[in-house]
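Visitor: I've got a model open and would like a walk through it. Could you take my questions one at a time?

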Amino acid sequence: MCHIKSMKIRLTAICLALLLIVPVYARGADETDHIKWVEFNVPYSALTAALDYDLHTYGTDIHLNWIELLAILGARYGGEFSKYKKAHLDTLATELQNGQHLDDITSDLSNYDYYLEAYSAILGEFVGQHRMEGEDRYGLKVFSPIAAGFGYSHFDDFGVGRNYGYRRRHLGHDMFGAVGTPIIAIESGVVEVMGWNQYGGWRIGVRSFDGLRYYYYAHLRQNRPFHPDVEEGSIVKAGDVIGYMGRTGYSQKENTNGIRETHLHWGMQLIFHPEQKEGPKEIWVDVYPITRLLQRNQSETYRVAETKEFYAKYEFDEPGLFGKV
C-alpha cells in the first residue's frame, strides 16, 4: 500500500460509503420486521465442512452454497448446533447433489429464511471471486486479524464478565501475542471510527461495504498504534495492515497501557437497522469459530526498515469494487 494509492483510496471513500452503506440504512429505516437478535453458535467443524463443500463444487453443475447449507442445519436444529453431526451435513449435500431442489428441502422449515438472513449477514461476503498474487481465485476473501508468521494464542472468551468501569459481558474475542504484531483488516470496508476509548484504548472500527458488519479492533500499541496510511473515512482492503497489537485501554488518560496482557480484542457487530448501531439493541456475535476459520487465510506482510511499518505483501482486489480505485 503506497502513499499515493492510499490518497486515492481516501478520496473515493465518501463516494463508496454513500453508494454502498447509506442504501442499507435507508431501506431499514422504515422497516419494523428486521432481525432483532442473532446468537451465532455454528462450530468451527461445521463452518469448515460447509465451506469445503462450497469450494469443491464451485464451477460444477450443482454448486453448494455454504451459507444455505448452514442455514438449513440451523433451521433444523433451532439454532442449537450442539446437535450438529457431520453426517447431517453430508446427507444434506448428497440430497442436493442428487438433484433435490433447495425449495423442496426448506419448504417445511418455517425459520429457514431467518437463519439464511442472519448467517448471510455474518458470512455473506466471506467467500467469492477475487484476485491475489496476480491470479483470479474463488474462495475466502477475508483474512485473519493477525498477520502471517506472528504467533498468538486464544480461547473462546465471549460473554465472560468484565469489571472495568461497570460490570458487563465481553462482546469480542481476544488474541494474545507480542507488542507490535501487525493487525490486519479482516474484510474490506470504510474506517468509521479511529482514536482513543477508555475501554478499548487505541482502536479502529471498520464498516463493511454492505453496511451489515462493523469490525472493532482494540487495545492497539501505545504511541504508534495505527498504520500511517489509515485514517477515518479511508478505505481499507482485506489483508491490509491497519495497526499494531498492544495493551492500551482501561484508563481515561489517553495513550495509557492499562491492560495487563498484550492482545488484540476484535469483535463483529451486526446492524440490520440504524437503531442497532449503538446502545442496548446492539448485536455482537461470538467470533471464536470464525477466528479459527480465518487462520486458513493469513495476510503475508513485509517491513520497511526506514519507517518500521509493515505492509501487505500481496494486494487484494475484488472485481467491480476496486477496479477504479
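This is a predicted model: local features need pLDDT of at least 70, side-chain atom pairs count only at pLDDT 80 or more; totals for chains, interfaces and linings use all residues.

Visitor: What share of the residues counts as buried?
Guide: Buried here means under 20% relative accessible area. The chain exposes about 15200 Å², with carbon and sulfur atoms supplying 49% of that. Of its 325 residues, the share that counts as buried is 52%.

Visitor: Among contacts between residues at least 6 apart in sequence, what share joins residues at least 24 apart?
Guide: Take the contacts in the protein chain whose residues sit at least 6 apart in sequence. Those that join residues at least 24 apart make up 67%.

Visitor: How many of the 12 residues of H4 are buried?
Guide: H4 also reaches 16 Å between its end C-alphas, close to the 16 Å expected. Its buried residues include Trp66, Leu70 and Tyr77, and the buried set packs against H3, H5, H6, H7, E1 and H8 (288-294). H4 is mostly covered, and the buried count is 10.

Visitor: Over to strands. Which residues cover the two sides of E6?
Guide: E6 spans residues 173-176, and both of its faces are covered. On one side His173 and Met175 are buried, and on the other the buried residues are Asp174 and Phe176.

Visitor: Which residue in E13 is the bridge partner of methionine 175?
Guide: E6 pairs with E3 in the antiparallel sense over two bridges, and there methionine 175 partners histidine 154. E6 is also joined to E13 (residues 263-270) by four bridges, again antiparallel. In E13, the partner of methionine 175 is leucine 264.

Visitor: Now charges. How many salt bridges does the count come to?
Guide: Side chains of opposite charge can pair when their charged atoms come close. The cut-off is a side-chain nitrogen of Lys or Arg within 4 Å of a carboxyl oxygen of Asp or Glu. By this rule the count is 15.

Visitor: How many residues apart are glutamate 125 and lysine 141?
Guide: Their side chains meet in a salt bridge at 3.3 Å, N to O. The pair links distant parts of the chain: glutamate 125 is in the loop between H7 (112-123) and E1 (127-132), lysine 141 in the loop between E2 (135-140) and E3 (153-154), and the separation is 16 residues.

Visitor: What is the relative accessibility of arginine 213?
Guide: Arginine 213 forms a salt bridge with aspartate 210, the closest N and O atoms being 3.0 Å apart. Arginine 213 counts as buried, with a relative accessibility of 0%.

Visitor: Which residue joins Glu125 and Lys141 in one network?
Guide: Salt bridges that share partners make up this network. Besides Glu125 and Lys141, its member is Glu318.

Visitor: What is the phi of glutamate 133?
Guide: Most residues other than glycine have a negative phi. Glutamate 133, in the loop between E1 and E2, is partly exposed at 43% and forms a salt bridge with arginine 137 at 3.1 Å. Its phi is positive, near 55 degrees.

Visitor: And where is lysine 308 found?
Guide: Lysine 308 has a positive phi of about 65 degrees although it is not a glycine. Lysine 308 is partly exposed, with a relative accessible area of 49%. Lysine 308 is found in the loop between E15 (301-304) and E16 (309-312).

Definitions and conventions. Residues are numbered from 1 along each chain as its sequence is written. Side-chain values use heavy atoms; hydrogens and water are left out. Buried means under 20% relative accessible area, exposed over 50%, partly exposed in between (1.4 Å probe, protein chains only). Contact means heavy atoms within 4.5 Å. Accessible areas come from the Shrake-Rupley method with a 1.4 Å probe; for residues, only the protein chains shown count as cover. Two strands pair if DSSP finds at least two bridges between them. The expected span of a helix is 1.5 Å times one less than its number of residues.
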